[in-house]
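Dear colleague,

I am passing on the structure we spoke about, and below it you will find my notes on what came out of the analysis. Please read them with the structure open beside you.

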Amino acid sequence: MTQEGKPKTLKHSQGGKGRSCGLCLFIFLLLAGASAVAVCLIYRPRKPRFAVVGAAIYQLNATSQPIISTSMQFTIVTRNPNRRVSIFYDKLQAYVSYRNQQITPAMDLPPLYQEAKSTVALTPLLGSGTVSASAEVVNGLMMDEASGVVALRVVLLGKLRWKAGAIKTVKYGVYVKCDVWVDLKKGAVGPVPLLGAPPCKVDI
């Protein structure tokens, strides 16, 4: 009877460990959720603000379908409007699109910590060499370069967390769209005037 009883004791022990782990996980998730709710209710964190304030075009040539050459740099300013809440950005990426089609590879940006009521400038260099593009993109770029005005969209996406004191929220997805109009003459290289750059749209 002693030999028959040992396996039952072992199974009971394993079951107890499983329930303990499940309980610990539940408590952890509950506390994380409570912390996020506490930050939102007490401090009411506001979304960060983004704006494009400068642009430089090194390559944006539509020479032969379906290939274009792209290399450009934008100065993007982000503002944390919160007085007592800082922001952590994780896994940020940036790319440029034209007529809703991506024309540069997504570039990984380093993690960013932004203190309360602070402003940070980002200057990612986007694009490298040639990329595939549809006939609509190639023809559109050729027409826009001929007119001297090119409409582009700078996109940033990733994760953010708000932090108030020792409390951090869970990670939220952030999606930033910045529409800009640049004065670009065919063959121009380097900094270009911004003809329009309204505040970026920020979705969280």
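Lys 159 touches Phe 88, Tyr 89, Asp 90, Lys 171, Tyr 172, Gly 173 and Val 174, if residues up to four places away in sequence are not counted. The model is a predicted one, and in it Lys 159 has its place in strand β10. One of the residues it touches is Val 174, and although Lys 159 and Val 174 are 15 residues apart in sequence, they are 5.5 Å apart in space, C-alpha to C-alpha. With a relative accessible area of 37%, Lys 159 is partly exposed.

As for the protein as a whole, it has 2 helices and 15 strands, and buried residues make up 38% of its 204 residues. Among contacts between residues at least 6 apart in sequence, 71% join residues at least 24 apart.

Ser 69 is found in strand β2 and, at 14% relative accessibility, counts as buried. Leaving aside neighbours within four places in sequence, Ser 69 is in contact with Gln 59, Leu 60, Asn 61, Gly 129 and Thr 130.

Two loop residues may also be of interest to you. Asn 80 has its place in the loop between β2 (67-79) and β3 (86-98), and with a relative accessible area of 0% it is buried. The side chain of Asn 80 makes a polar contact with the side chain of Asn 82, at 2.9 Å. Residues up to four places away in sequence not being counted, Asn 80 touches Val 85, Ser 86, Ile 87 and a run of others, including Gln 114, Glu 115, Ala 116, Lys 117 and Ser 118.

A polar atom of the Thr 104 side chain lies 2.9 Å from the backbone nitrogen of Val 96. Beyond its neighbours within four places in sequence, Thr 104 is in contact with Thr 70, Met 72, Tyr 95, Val 96, Leu 126 and Gly 127.

Turning to helix α2, this element covers residues 135-147, which is 13 residues, and reaches 18 Å from its first C-alpha to its last, close to the 18 Å expected at 1.5 Å a residue. The buried residues of α2 are Val 137, Val 138, Gly 140, Leu 141, Asp 144 and Glu 145. Seen down the axis of α2, these buried residues fall within an arc of 165°, so they line one face of the helix. The face turned away from that buried side carries the exposed residues Met 143, Ala 146 and Ser 147, and just after α2, Gly 148 takes a positive phi of about 95°.

Finally, the largest pocket has a volume of about 150 Å³. Asp 144 is one of the residues that line it, together with Ser 97, Tyr 98, Arg 99, Asn 100, Ala 151, Leu 152, Arg 153, Asp 179, Val 180 and Trp 181. At least two residues of the lining are supplied by each of β3, β10 (149-164) and β12 (172-183).

With best wishes

Definitions and conventions. Residues are numbered from 1 along each chain as its sequence is written. This is a predicted model: local features need pLDDT of at least 70, side-chain atom pairs count only at pLDDT 80 or more; totals for chains, interfaces and linings use all residues. Side-chain values use heavy atoms; hydrogens and water are left out. Helices (H or I, at least four residues) and strands (E, at least two) are DSSP runs, numbered from the N terminus. The expected span of a helix is 1.5 Å times one less than its number of residues. Buried means under 20% relative accessible area, exposed over 50%, partly exposed in between (1.4 Å probe, protein chains only). The arc is that of the directions from the helix axis to the C-beta atoms. A polar contact is a pair of N or O atoms within 3.5 Å; within protein, one must be able to donate a hydrogen and the other to accept it, and residues adjacent in sequence count only if both atoms are side-chain atoms. Contact means heavy atoms within 4.5 Å. On a 1 Å grid over the protein atoms alone, a cavity is a set of points where a 1.4 Å probe fits but cannot get out, and a pocket is an open set with protein on both sides within 12 Å along at least five of seven lines; lining residues have an atom within 4 Å of a point. Grid points are joined across faces, edges and corners, and a volume is the space filled by probe spheres set on the points.
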